[in-house]
Amino acid sequence: MTYFEPQPAAAKVPVRLTDPFAHGPPHALARRAAEELQRFLLHGGLVSGIDLGALDAPGQGKMFGVLVVAAPDGRVGYLRGFSGMLDGRWQVDGFAPPLFDPIARDAFLPAGEAELRALGARHALLAEGAEPVALRASLADMTERHGTAIAGMRARHEVNRGFRHDARQRLANGEAGDDERRAALHALEQESRADAAERQRLEVAHQQEREVLVSALRALDTQRAGIEHLRAERSRQLWRQIAESYVIPNARGESRLLATLFAPEPPPGGAGDCAAPKLLAQAYRHGLRPLALAEFWWGAPPLTGGRHAGVYYPACRSKCGGVLPYMLEGLSVDLAPLPGAAPGPADALRLVYEDAWVLVVDKPPGLLSVPGRHEPSRDSVLVRSRRHASGLLVVHALEPETSGLLLLARDAATHAALQRQFARREADRRFVAWLEGHVAGEQGVIELPLRADREDRRRQLVDPLHGKRAITDWCVTHRSGPRTRVSLWPRTWLPHQLRVHVAHPLGLGAPITGDRLYGRDDTRLMLHAEALSFNHPHTSARIELESSAPF
């Protein structure tokens with residue numbers, strides 16, 4: 001721990017920890033601690049053997065963090081931490097250690113990683129080794145040779161066909177008798193059949209010759225698929241072992257394994273390795289009271305962009321969203337309002353449709369659809385709705401900043417039936433949005449595959465190689481100065497699909513007004529779910545509902 005010198009006045013010490021997920025500048029003391037750490041990094045103040053210059057290499061920057069804490073004697077200072085590893089090390093003097101036992105981890109991880117590397121090498125050999133390369137080259141040569149042979153035969157048969165056509169014309173115009181004409185036509189027909197038989201024999205011979213190589217390649221593919229399955233399963237087993245080595249404490253003195261915080265799904269890669277969890281665990285370990293947190297990027301930006309040296313960023317929801325809420329239990333924390341307009345009072349949740357099985361409400365912007373896993377009572381559509389009807393389930397959540405129609409089911413069977421409709425595209429939703437920019441054209445389809453940004457799990461990236469299929473239909477409904485109003489129909493249901501599709505240059509190239517992630521901040525995100533239609537799971541009636549956008 002590094003103590004502040006001089007100690008801050010009591011009035012300048014925060015009483016409660018600020019929400020780690022909050023956007024905006026950190027507390028003044030956290031900023032002071034962060035600036036001290038940045039000067040420390042800038043002048044190479046780390047222990048010998050650490051290569052700070054590596055952070056400036058493309059894609060090698062990382063998140064650092066500071067946690068302002070109060071010692072039992074009342075003195076105030078701060079802890080320092082970094083995400084993941086620094087220069088290949090998990091532990092660096094003066095920084096919070098990882099949340100796992102390195103000795104226990106070393107007992108199984110090196111052997112597991114060596115096994116995965118060996119499987120990867122076998123897979124590469126079956127994919128690009130001498131044998132598959134030679135087989136594919138032979139198949140390509142054979143295909144070219146077969147094509148040449150077939151082309152030559154077809155040319156010859158075409159000539160034969162011309163001769164037979166001329167011969168039939170002469171027989172039709174000549175004076176040959178019926179018996180002679182029938183015999184000649186029969187001979188021509190036999191020649192035609194002979195050509196067809198020759199073509200069939202050649203095709204069969206080619207197919208048999210080709211099958212030898214294809215079967216060999218297929219056998220290699222089968223072996224490769226088996227290794228892929230084995231490698232994936234072994235990787236999952238290894239990750240489960242890794243996750244079970246992380247012990248996550250909270251302010252009440254309790255602890256849980258990392259895996260249990262994300263169950264039944266496995267934890268995302270890197271969960272528990274960010275700076276904030278390390279810093280909180282270090283504070284609890286030494287009986288220090290957390291007061292303020294700040295995390296900033298240092299070094300070169302990630303290859304995917306979105307991070308800049310010296311800029312403060314909130315904790316990521318994807319990796320820390322399942323960890324920090326538990327770690328903060330027992331602490332007094334100021335929960336920040338969600339981005340976007342603040343939701344209104346409880347009666348602002350307008351009921352649009354209700355029967356014995358389903359419920360549709362008009363969600364205001366800035367309100368969660370469902371509470372967080374570790375904040376089951378946090379204000380949300382589900383929490384508000386369950387005050388009037390227990391057992392409700394959200395069918396498809398809207399992002400907090402998005403307003404509009406939200407569908408809920410009163411029981412699990414209805415919930416599953418409605419989700420199947422969305423999966424089969426039997427249910428439909430239409431969104432309206434204002435975009436920042438001129439959109440070329442009047443309507444179309446955007447098909448850009450998406451995946452999570454590994455550097456910032458709040459964001460999605462377009463990735464043609466590894467992304468999941470994502471499709472959005474769109475239509476311009478109005479133009480006003482530099483802005484364009486559009487209707488959007490998502491045909492798939494991926495996080496941030498609409499926001500990325502309209503903002504990306506290969507999409508519409510115009511972000512939604514107020515989109516702080518993919519465009520620029522404004523009073524609110526101008527995205528509204530204005531229409532919803534589905535087949536009622538119990539009556540089969542087509543339900544079609546609309547809600548006018550508040551912008």
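Helix H3 (residues 109–128) packs against helix H4 (residues 130–173) at an angle of about 20 degrees, with the two axes 5 Å apart. Axes here are lines fitted to C-alpha atoms, for helices over the stretch in contact, and angles run from 0 to 180 degrees between N-to-C directions; helices (H or I, at least four residues) and strands (E, at least two) are DSSP runs, numbered from the N terminus. The model is a predicted one, in which local features need pLDDT of at least 70 and side-chain atom pairs count only at pLDDT 80 or more, while totals for chains, interfaces and linings use all residues. Residues are numbered from 1 along each chain as its sequence is written, and side-chain values use heavy atoms, with hydrogens and water left out.

With that angle, H3 and H4 are therefore roughly parallel to each other (angles under 35 degrees count as roughly parallel, over 145 as roughly antiparallel, 65 to 115 as roughly perpendicular and the rest as oblique). Their crossing is right-handed, a crossing being left-handed if the near helix is turned anticlockwise from the far one by less than a right angle, and right-handed if clockwise. On the H3 side, Leu125, Leu126, Ala127 and Glu128 meet Ala130, Pro132, Val133 and Arg136 of H4, where contact means heavy atoms within 4.5 Å. The residues of this contact divide into six nonpolar, no polar and two charged (Ala, Val, Leu, Ile, Met, Phe, Trp, Tyr, Cys and Pro count as nonpolar, Asp, Glu, Lys and Arg as charged, and the others, Gly among them, as polar).

H3 also packs against H5, at an angle of about 160 degrees and with the axes 9 Å apart. These two helices are therefore roughly antiparallel to each other, and H3 passes H5 in a left-handed crossing. Among the residues making the contact are Leu109, Leu116 and His123 of H3 and Leu220, Ile227 and Arg234 of H5. The contact of H3 with H5 divides into 10 nonpolar, five polar and seven charged residues. Helix H5 (residues 178–244) also holds His206, which counts as buried at 12% relative accessibility (buried means under 20% relative accessible area, exposed over 50%, partly exposed in between, with a 1.4 Å probe and protein chains only). Leaving aside neighbours within four places in sequence, His206 is in contact with His146, Ala149 and Ile150.

Turning to the strands, four of them form an open antiparallel sheet in the order S1-S4-S3-S7, with strand S1 (2–3) and strand S7 (289–298) at the edges, each pairing on one side only. Two strands pair if DSSP finds at least two bridges between them. Strands S3 (residues 62–70) and S4 (residues 76–82) pair in the antiparallel sense over seven bridges, and Gly65 has Gly81 in S4 as its bridge partner.

Strand S18 (residues 483–490) is mostly covered, six of its eight residues being buried. It pairs in the antiparallel sense with S13 (residues 428–436) over six bridges, Phe431 having Leu488 in S18 as its bridge partner. S18 also pairs in the antiparallel sense with S17 (residues 471–480), over eight bridges, and Thr472 stands opposite Pro490 in S18. S17 and S18 form a hairpin with two residues between them, and Gly481 in the turn has a positive phi of about 60 degrees.

Finally, Val500 lies in helix H12 (residues 497–503) and is buried, with a relative accessible area of 4%. Not counting residues up to four places away in sequence, Val500 touches Leu450, Gln460, Val462 and Tyr518.
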